[in-house]
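Let us walk through this protein model step by step. Look at the rings in the picture before reading on.

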Amino acid sequence: MADKAKDVKKDAKKENFFKRFVKKIGKGFRDMKGEVKKVVWPTKSQIINNTIVVMVAMLVIGAFIWGLDAILSLLVDLLLKVSA
């Protein structure tokens with residue numbers, strides 16, 4: 001009889017798997033909705049300021065990399081002329 005009770009429990013778990021799965025997905029979406037409500041969204045002026053900061057940073061870093069590349073290219077050319 002104990003074996004029969006175990007089989008019934010296993011069958012019940014198999015039958016309820018889909019229901020449990022759907023409940024977990026529903027709970028996940030409810031939790032996600034609650035977390036999205038907690039988000040503090042930036043204002044339009046903050047977005048514009050942050051965009052300007054990113055653009056300036058890109059230009060500065062790009063100019064630095066360009067200058068470094070130019071200097072290193074000159075050094076490599078000098079080394080190649082000396083070795084030839």
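The count comes to one aromatic pair. Rings of Phe, Tyr and Trp (its six-membered ring) pair if their centres lie within 6.5 Å; planes under 30 degrees apart count as stacked, over 60 as edge-to-face and the rest as tilted. The centres of the F17 and F21 rings are 6.1 Å apart and their planes stand at 20 degrees, so this pair is stacked. Both F17 and F21 sit in helix α1, four residues apart, or about one turn of the helix.

This is a predicted model: local features need pLDDT of at least 70, side-chain atom pairs count only at pLDDT 80 or more, and totals for chains, interfaces and linings use all residues. Residues are numbered from 1 along each chain as its sequence is written, and side-chain values use heavy atoms, with hydrogens and water left out.

Now take the whole chain. It has two helices and zero strands. Helices (H or I, at least four residues) and strands (E, at least two) are DSSP runs, numbered from the N terminus. Of the 84 residues, 0% are buried. Buried means under 20% relative accessible area, exposed over 50%, and partly exposed in between (1.4 Å probe, protein chains only).

F21 has a relative accessible area of 43%, so F21 is partly exposed. V39 lies in the loop between α1 (2-38) and α2 (44-83). With a relative accessible area of 38%, V39 is also partly exposed.
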